Amino acid sequence: MSRSPKSMRINGPCAVRGAIRVPGDKSISHRVAMLASVAGGDSSITGFASSADCQATLDCVRRLGVEVERADEILVVKGRGLRGYRPAREPVRLDAGNSGSTIRMITGLLAGQRFNSEIDGDESLRRRPMSRIIEPLTLMGATIKARDQNFAPLSIRGAALKPIRFASRIASAQVKTCMLFAGLYADGQTTFSEPAPSRNHTEVMLRQFGARLESTTDEPAVDLSIEGGFELSPVTYLVPGDVSSAAFFIAAATLLPDSRLVISGVNLNPTRTAFIDVLNRLGAKVVADGVRTVNGEPIGDLEVTSCALKAEQPSTVLAGHVIPNIIDEIPILAVAATQVEGRVEVRDARELRIKESDRVSTVADGIRAMGGEIEEFEDGFAIEGPQSLKGGRVDTAGDHRIAMAFTIAGLMARGTTEIIGADCAAVSFPEFYELIAAITQEGTLEHE
Ligand code: S3P
């Protein structure tokens, strides 16, 4: 099968069975490539994500003059220290593609350099807000120009950064990472806090690289302080499987009768597994086994067996502090909610509207295209189930998580579902359709 079919047809319903692995975690891969690029020596990374987004990060660090070699499954990033970037020209021009993580995180490193850079991305990325990083980096002394002071392309004039205390209004791991990365270059202690804890991979990983990081948890907020001016040590790193990629398979195995899947080597960091907790709360059977800690991150194998799901009375409401920890899984959660007996409501999720697509709208359009019903709110949605979905034409709007969520919906629906723009799944999961084909019966997937 071609890895990136433009359009995909799914003939449902169909069970899923087997044992799989998912690609390396996207969030962790971005971070390890960036930190390794400014560490003082060679880092060896196993299991680096195959996603187009993480390739964009690797391309950026290469353009900054850092050598990256791949030997079999191991990626070697030849870090040259905090000030070792040697771009071939100035300003160096970087392309983040579709990746919000690449642009927001690497800008934190670029703000502390002594050369000027420009970073841009595709049409979708150009619509996503950047003032959330421009504001604090400007307070630290960097000069960043952007279209309407908010949108890419960004042009960054690095500076000798000042340490600041910054309280973010939003819980965003990308903003937190940008600030902590810039803090590596500041002359003193930079402190960051956020209103609810977002994924904590940066904090865990900075310690692996030997950074001087302190955290005080004042539940639910977290205060983090980083001491600037200290070089990082290289690492030997194993990237675990991406639980956000596994989520599509967890939902499929739970919702499709007679299914059973084992997904091995998955990252089980508690700031990422709220989706599993929510499914289990609704009655799912997702069991973790063999959990161990590697490079500070928990990894385990998941066993998922199909079972009927039921919401709490009068409804299961997902809102507040849980939202940052399920934010990327909300499209597949919406698809799952159509099969749950009762009402599932998602609130406080305004951030969904400024992801790779407006995910409240694209999810609602997809569910309606398959004959389902959904109530849309400015900050979320509500779904009453169970609903019987039928095959329909779903437009991904170029959003990888919409493509994958509605492929799973197609497995649940009666008839043929067509996913228009299916190839964007490669943004996070190039092997997605091959894996689906491997665990379903022949003839379930057809592609152009
Ligand atoms: C990510 C953080 C989240 C998430 C994104 C990856 C990260 O974004 O949606 O897919 O790796 O830090 P925000 O920081 O915008 O919430």
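Colleague: In which loop does Asp72 lie?

Modeller: This is a predicted model. In it, strand 4 covers 67–71 and strand 5 covers 74–78. Asp72 lies in the loop between strand 4 and strand 5.

Colleague: Is Asp72 buried or exposed?

Modeller: Residues count as exposed when their relative accessible area is over 50%. Asp72 has a relative accessibility of 73%, so Asp72 counts as exposed.

Colleague: What value does phi of Asp72 take?

Modeller: Most residues other than glycine have a negative phi. Asp72 is a residue other than glycine, yet its phi is positive. The value is near 55 degrees.

Colleague: Where is Asp258, and what is its phi?

Modeller: Asp258 lies in the loop between helix 7 and strand 15, the latter covering 260–267. Its relative accessibility of 61% makes Asp258 count as exposed. Although Asp258 is not a glycine, its phi is positive, at about 65 degrees.

Colleague: How many helices and strands are there in the chain, and what is its radius of gyration?

Modeller: The chain has 13 helices and 24 strands. For 448 residues the globule rule gives 22 Å, and the value for the chain is close to this, so the chain is as compact as a globular protein of that length. The radius of gyration is 21 Å.

Colleague: What percentage of the residues of the chain count as buried?

Modeller: The C-alpha atoms fill a box of roughly 60 × 45 × 40 Å along the principal axes. Among contacts with a separation of 6 or more, 77% are between residues 24 or more positions apart. Of the 448 residues, the share that count as buried is 62%.

Colleague: Which residues of helix 6 are buried?

Modeller: Helix 6 spans residues 201–208 and is mostly covered, with 6 of its 8 residues buried. Just after helix 6 comes Gly210, with a positive phi of about 85 degrees. The buried residues of helix 6 are His201, Thr202, Glu203, Val204, Met205 and Leu206.

Colleague: Which residues is Asp25 in contact with, leaving aside its neighbours within four places in sequence?

Modeller: Asp25 is found in the loop between strand 2 and helix 1, and is buried, with a relative accessible area of 0%. Its C-alpha atom is separated by 9.1 Å from that of Ser50, 25 residues apart along the chain. The contacts of Asp25 are Ala49, His201, Val239, Pro240, Gly241, Asp242, Val243 and Arg272.

Colleague: Why are helix 1 and helix 3 described as roughly parallel, and which residues meet?

Modeller: Helix 1 (residues 26–37) and helix 3 (residues 100–110) pack at an angle of about 25 degrees, with axes 11 Å apart. Angles under 35 degrees count as roughly parallel, and the two helices are therefore roughly parallel to each other. The crossing is right-handed. The residues that meet are His30, Arg31 and Met34 in helix 1 and Ser101, Thr102, Met105, Ile106 and Leu109 in helix 3.

Colleague: How do the residues of the contact of helix 7 with helix 8 divide by class?

Modeller: The axes of helix 7 (residues 243–255) and helix 8 (residues 274–281) come within 10 Å and cross at roughly 15 degrees, which makes helix 7 roughly parallel to helix 8. In this contact, Val243, Ala247, Ile250, Ala251 and Thr254 in helix 7 meet Phe275, Ile276 and Leu279 in helix 8. The residues divide into 7 nonpolar, 1 polar and no charged.

Colleague: Which residues make the contact of helix 7 and helix 12?

Modeller: The axes of helix 7 and helix 12 (residues 400–412) come within 10 Å and cross at roughly 15 degrees. The two are therefore roughly parallel to each other, and their crossing is right-handed. The contact is made by Ser244, Phe248, Ala252 and Leu255 of helix 7 and Arg401, Met404, Ala405, Ile408 and Met412 of helix 12.

Colleague: What is omega for the peptide bond from Ala152 to Pro153, and for that from Gly385 to Pro386?

Modeller: Most peptide bonds are trans. Pro153 lies in strand 9 (residues 151–157), while Pro386 is found in the loop between strand 21 and strand 22. The bond from Ala152 to Pro153 is cis, with omega near 5 degrees. The bond from Gly385 to Pro386 is also cis, with omega near 0 degrees.

How values were computed
Residues are numbered from 1 along each chain as its sequence is written. This is a predicted model: local features need pLDDT of at least 70, side-chain atom pairs count only at pLDDT 80 or more; totals for chains, interfaces and linings use all residues. Side-chain values use heavy atoms; hydrogens and water are left out. Axes are lines fitted to C-alpha atoms, for helices over the stretch in contact, and angles run from 0 to 180 degrees between N-to-C directions. Helices (H or I, at least four residues) and strands (E, at least two) are DSSP runs, numbered from the N terminus. Angles under 35 degrees count as roughly parallel, over 145 as roughly antiparallel, 65 to 115 as roughly perpendicular and the rest as oblique. A crossing is left-handed if the near helix is turned anticlockwise from the far one by less than a right angle, and right-handed if clockwise. Contact means heavy atoms within 4.5 Å. The radius of gyration is taken over C-alpha atoms; the globule rule is 2.2 Å times the number of residues to the power 0.38. Buried means under 20% relative accessible area, exposed over 50%, partly exposed in between (1.4 Å probe, protein chains only). Ala, Val, Leu, Ile, Met, Phe, Trp, Tyr, Cys and Pro count as nonpolar, Asp, Glu, Lys and Arg as charged, and the others, Gly among them, as polar.
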